[in-house]
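Colleague: I would like to learn how to read a model of this kind, one feature at a time. Where do we start?

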Amino acid sequence: MSLVLSITVGVLFATGVFLVLRRSVLRVVIGLALISHGANLLIFVAGGVARVAPPVAAAGTTAPPTQHADPLPQALVLTAIVISFGVLAFLIALVSRICQPDAAGQVADDTDQYAEVRP
Amino acid sequence: MTWLVALPLVIPLAAAAVGALGRSGGAWQRWVSVGGAAGLLGAAIALLVEVDRVGHIVLHVGNWHAPFGIALVADRFGALMVTLTAAAGLWCMIYALREQRPGPEASGRPERPFLLPMMNFLLMGVCGAFLTGDLFNLYVWFEVLLMASFVLLTLGNTRAQLVGTLKYVVLNLLSSLTFLSAAGIVYGLYGTLNFADLGRATAVGGAGGVGASPEAMAAAVMLLVGFGIKAALVPVFFWLPASYHTPSFAVSALCSALLTKVGVYSIFRLCTLAFPLQGEALRESGVLAVLAAVSMVVGVLGAASQQQVRRILAFHSVSQMGYILMGLAIGTPAGMAAAVLFFLHHAVVKSNLFLIAGAMQERTGSNHLKDPAIAGLMRASPLLAAAFLLTALSLAGIPPMSGFAGKLGLIASGVDAGAWWLVGIAAGVGLLTTFSMVKIWSEAFWREPGGEAAADGHGAVTPAAAGSGGLGLMLGVPVALAGLTLVMGVAAGPLAAMCTRAGAQLADPSAYITAVSPKRASEVNAAGAAAEAGGERPVGNASGGETGRAAP
């Protein structure tokens with residue numbers, strides 16, 4: 001199970017890096033999304049994957065079962081998912097704002113405004 | 001007194017939330033935001049005084065004790081940084097009182113709604129990063145401050161800002177993801193994310209010691225890369241000059257004072273506290289020294305090639321980060337102390353230069369040195385010229401300003417440690433820094449106005465842009481800060497003594513570790529195995545006997 005997940009992490013990172021290196025902004029965004037999925041899965045795999053009981057104490061007992069899953073990586077992944085969701089949403093809004101065409105239907109070229117001497 | 005540690009997080013959050021309820025730019029928002037920053041400064045000073053007295057203040061959030069819960073820790077270094085954050089927040093907000101309003105049409109100053117509350121959110125994130133004692137929590141604070149800075153950089157909605165922010169977001173997101181992956185690996189390896197507990201685990205070197213394993217080095221280097229991007233060190237600094245020249249001047253000043261500092265601060269924590277053996281190895285192999293030297297040189301050369309004031313300043317930030325890292329690369333307590341002093345000096349001076357650039361823009365409508373409109377500032381505003389001169393000399397390290405005290409400490413400790421080539425580079429870069437400051441001085445302040453403009457006929461500044469009114473706070477804040485850098489240089493004694501105590505704590509983290517968690521997590525586990533809940537080790541963790549976090 002860990003092996004399959006590890007390979008998945010590798011594939012996600014590789015695809016993500018490939019896309020981030022493209023010239024199209026949209027591919028960069030998708031690449032970042034894939035890398036963030038890869039990072040989340042990496043935390044999960046690094047924390048250890050096992051088929052055991054959930055870390056919840058049954059009614060009437062004070063301790064969870066002897067063999068129980070580590071809840072912490074799950075909490076970390078949950079936090080990381082929420083954060084990367086927020087950042088990616090911001091990024092997509094930013095890209096759509098930048099690529100908005102003007103009245104003539106043209107998207108402005110990104111020239112360096114300070115490259116030439118003013119005026 | 002442990003609640004003092006929580007105040008620097010609670011005050012900016014409350015000020016931001018309450019301030020955001022008011023009308024954008026209205027009196028309510030102004031008073032609440034600036035009042036919040038002033039309250040934060042008061043709380044930070046109280047924290048600093050108390051920390052200096054007792055050494056460490058630890059707050060176990062929710063009373064879950066470290067290493068299981070998240071600990072907020074203030075040592076002298078952290079408390080100094082929080083005080084600096086609060087002070088920088090206050091002066092940038094006072095300056096922003098004028099900048100948040102839209103300027104006259106020709107000045108090109110757009111409306112920036114909710115500028116002040118967002119600055120308070122940023123302060124909360126930065127304070128959190130300086131106070132947390134937990135690796136994953138540090139990641140969360142990084143994201144809090146990044147989110148706030150994303151919004152601050154885009155406020156105003158000009159195209160240049162949006163494009164600059166895009167580069168900023170993408171590169172910082174990559175850095176966060178590197179950091180996040182490293183945090184996952186660290187948890188897998190050691191079963192703990194608490195700095196103190198981690199430091200204890202990785203300090204076990206030698207044959208069979210976990211600290212000597214290649215995995216530990218891999219994790220440390222991944223963290224170094226993540227923090228290095230945030231700190232804008234040279235191979236990975238490109239986001240900084242691409243974005244810092246676009247937003248409002250107060251935001252440029254605040255970001256330059258704080259954001260890169262958080263990255264360098266984290267590198268200090270990484271190399272001294274969390275991974276002491278790896279930090280030592282990185283230092284001895286010269287990796288840190290090379291990073292510092294290359295940052296210093298490339299940053300200053302980049303600055304020399306630029307003609308736009310804020311771009312010059314942004315490149316200088318890269319160069320100055322190299323100086324701070326040089327303190328860590330030297331690695332002696334004196335070197336660390338000098339680096340801490342340099343942190344304080346650089347935040348004051350660099351943010352002041354950005355604020356002065358804002359006043360130049362306000363006065364002349366231009367920020368480009370080849371623009372004829374910018375010439376003759378010496379006559380137009382002698383007070384601004386004096387403030388610039390003092391601050392620029394301080395950046396270059398001329399006595400008696402604070403830059404001299406900072407650089408003297410670094411160079412002296414470098415000489416003591418025998419790092420001659422590093423010292424030579426630092427001194428040479430100081431000379432080049434002077435060169436690009438003189439460039440701004442001679443083009444913008446000394447040059448007689450009107451010469452070229454009259455020649456080609458269309459360079460004259462539009463009267464509306466050349467803010468005919470007084471500069472008000474946009475002049476008052478830079479003058480006060482120029483005075484501050486002078487005072488920090490002339491009366492450097494008490495400050496340097498404080499930094500020396502902070503440097504001693506950094507160089508020997510054992511007191512920090514004892515203060516945060518008296519026992520190794522595995523010992524706590526073993527002791528509590530028979531007792532109540534949480535005694536059983538979670539099997540899901542791959543790290544076997546080194547498991548740190550049990551289900552509480």
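Modeller: With contacts: two residues are in contact if their C-beta atoms, placed from the backbone, lie within 7 Å. Setting aside neighbours within four places in sequence, A231(B) is in contact with T260(B), G263(B), V264(B), I267(B) and M321(B). This is a predicted model, in which local features need pLDDT of at least 70 and side-chain atom pairs count only at pLDDT 80 or more, while totals for chains, interfaces and linings use all residues. Residues are numbered from 1 along each chain as its sequence is written, and chains are lettered from A and ligands numbered from 1 in the order in which they are written.

Colleague: Is A231(B) buried or exposed?

Modeller: A residue is buried if 20 or more other C-beta atoms lie within 10 Å of its own, exposed if 12 or fewer, and partly exposed in between, with C-beta atoms placed from the backbone. A231(B) has 29 C-beta neighbours inside 10 Å, so A231(B) counts as buried. The residue lies in helix α8 (residues 214-231) of chain B.

Colleague: How are helices assigned, and how many helices does chain B have?

Modeller: Helices (H or I, at least four residues) and strands (E, at least two) are DSSP runs, numbered from the N terminus. Chain B has 23 helices and two strands. Of the 552 residues of chain B, 63% are buried. Among contacts in chain B between residues at least 6 apart in sequence, 78% link residues at least 24 apart.

Colleague: How do the axes of α13(B) and α14(B) cross?

Modeller: Axes are lines fitted to C-alpha atoms, for helices over the stretch in contact, and angles run from 0 to 180 degrees between N-to-C directions. The axes of helix α13 (residues 309-330) of chain B and α14(B) come within 9 Å and cross at roughly 175 degrees. That makes the two helices, α13(B) and α14(B), roughly antiparallel (under 35 degrees is roughly parallel, over 145 roughly antiparallel, 65 to 115 roughly perpendicular, the rest oblique). Residues of α13(B) including L313(B), Y323(B) and L328(B) take part in the contacts with α14(B).

Colleague: Which residues touch the most other members of the largest nonpolar core?

Modeller: A nonpolar core is a set of buried Ala, Val, Leu, Ile, Met, Phe, Trp, Tyr and Cys residues joined through C-beta atoms within 7 Å. In the largest, of 227 residues, they are M119(B), V186(B), L254(B) and L325(B). Helix α14 (residues 333-364) of chain B supplies the largest share of this core, 20 residues.

Colleague: What is the average pLDDT of chain A?

Modeller: pLDDT is the predictor's confidence in each residue, from 0 to 100. Chain A averages 83, and 85% of its residues score at least 70. Over residues 113-119 of chain A the pLDDT is below 50. Where pLDDT is low, the predicted coordinates should not be read in detail.
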